[in-house]
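Please read this note with the structure open beside you, and find each residue as it is named. The points are meant to be taken in order.

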Amino acid sequence: MSNLELHQYLPKLPEVALQEFIEWCMLDQSKAAGLEFKPDQSKLNNLAPADYSKQLVDQFMKVKPDPIRAGLVAVIAGKKADKHELSGLAAVVDFVSLYVKYLIPKDGTNPEEADAILAKASQHQYEQLVEIARKHGVSL
């Protein structure tokens, strides 16, 4: 399942489901990458949904356990997300899900282990996305 590509499903989801998935990536799955992200709620209160997601992502991207590694992973995730040619919130969700997934393998992990870790992370993302979609009346 290492080639599981979530980007094909993202445009099918309503914004509320995309927001829920991106929050899960940043708040829950990112822990597997060693990120302890605690958003500043005072900056999130009373924001419109689009502004809320933008502010949340902005805060998340400032959390960098290893700035060099995080920068390299951001470039890789950005290039891959650009190839998917999504727009709006779906594009942001695509980037963040890739970024978090690629941060999970630790430095020094051999290629075979890294592939297995990425496959497991992809599967976990897919399962979460299916669950969220189902909750919002979308079948993937």
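This is a predicted model: local features need pLDDT of at least 70, side-chain atom pairs count only at pLDDT 80 or more; totals for chains, interfaces and linings use all residues.

1. For helix α1, which covers residues 15-27, the partner to look at is α4, and here the axes are 10 Å apart at an angle of about 20°. Because angles under 35 degrees count as roughly parallel, α1 and α4 are described as roughly parallel to each other. The crossing in which α1 passes α4 is left-handed. On the α1 side the contact is made by Glu15, Leu18, Gln19, Phe21, Ile22, Cys25 and Met26, and on the α4 side by Leu89, Ala90, Val92, Val93, Val96, Ser97 and Val100. Sorted by class, this contact of α1 with α4 has 11 nonpolar, 2 polar and 1 charged residues.

2. How do α2 and α4 cross, and at roughly what angle? The axes of α2 and α4 come within 12 Å and cross at roughly 25°, which makes α2 roughly parallel to α4. The crossing of α2 past α4 is left-handed. From α2 the contact takes in Ser53, Val57, Phe60 and Met61, while α4 contributes Leu89, Val92, Phe95, Val96, Tyr99 and Val100. When the residues of this contact of α2 with α4 are divided by class, there are 9 nonpolar, 1 polar and no charged.

3. Helix α3 (residues 67-84) and helix α4 (residues 88-103) pack at an angle of about 140°, and their axes are 8 Å apart. Since only angles over 145 degrees count as roughly antiparallel, α3 and α4 are therefore called oblique to each other. In this case the crossing, with α3 passing α4, is right-handed. The α3 residues that meet α4 are Arg69, Ala70, Val73, Ala74, Ile76, Ala77, Gly78, Lys80, Ala81 and His84, and in α4 they meet Asp94, Phe95, Leu98, Tyr99, Tyr102 and Leu103. By class, the contact of α3 with α4 has 11 nonpolar, 2 polar and 3 charged residues.

4. Next, please look at the aromatic rings, of which the structure holds 5 pairs. One of these is formed by Phe21 and Trp24, and this pair is stacked, with 5.7 Å from centre to centre and 25° between the planes. Both Phe21 and Trp24 lie in helix α1, where they are 3 residues apart, or about one turn of the helix. Phe21 is buried, and Trp24 is buried as well.

5. Another aromatic pair joins Phe60 and Tyr99, and this one is edge-to-face, at 6.1 Å centre to centre and with 85° between the planes. Why can the pair be said to tie together parts that are apart in sequence? Phe60 lies in helix α2 (residues 49-61) and Tyr99 in helix α4, so the pair ties together parts that are 39 residues apart in sequence. Phe60 has a relative accessible area of 0% and is therefore buried, and Tyr99, at 0% relative accessibility, also counts as buried. Ring pairs link Phe60 and Tyr99 with Phe37 and Phe95 into a cluster.

6. Gly71 is a residue of helix α3. Its relative accessible area is 32%, so Gly71 is partly exposed. Gly71 and Met61 are 10 residues apart in sequence, and their C-alpha to C-alpha distance in space is 9.9 Å.

7. Finally, please check two backbone angles, remembering that most residues other than glycine have a negative phi. Asn46, which is not a glycine, has a positive phi near 65°. Asn46 is found in the loop between α1 and α2, and because its relative accessibility is 83%, Asn46 counts as exposed. Glu85 is not a glycine either, yet has a positive phi of about 55°. Glu85 lies in the loop between α3 and α4, and at 70% relative accessibility Glu85 therefore counts as exposed.

How values were computed:
Residues are numbered from 1 along each chain as its sequence is written. Side-chain values use heavy atoms; hydrogens and water are left out. Axes are lines fitted to C-alpha atoms, for helices over the stretch in contact, and angles run from 0 to 180 degrees between N-to-C directions. Helices (H or I, at least four residues) and strands (E, at least two) are DSSP runs, numbered from the N terminus. Angles under 35 degrees count as roughly parallel, over 145 as roughly antiparallel, 65 to 115 as roughly perpendicular and the rest as oblique. A crossing is left-handed if the near helix is turned anticlockwise from the far one by less than a right angle, and right-handed if clockwise. Contact means heavy atoms within 4.5 Å. Ala, Val, Leu, Ile, Met, Phe, Trp, Tyr, Cys and Pro count as nonpolar, Asp, Glu, Lys and Arg as charged, and the others, Gly among them, as polar. Rings of Phe, Tyr and Trp (its six-membered ring) pair if their centres lie within 6.5 Å; planes under 30 degrees apart count as stacked, over 60 as edge-to-face and the rest as tilted. Buried means under 20% relative accessible area, exposed over 50%, partly exposed in between (1.4 Å probe, protein chains only).
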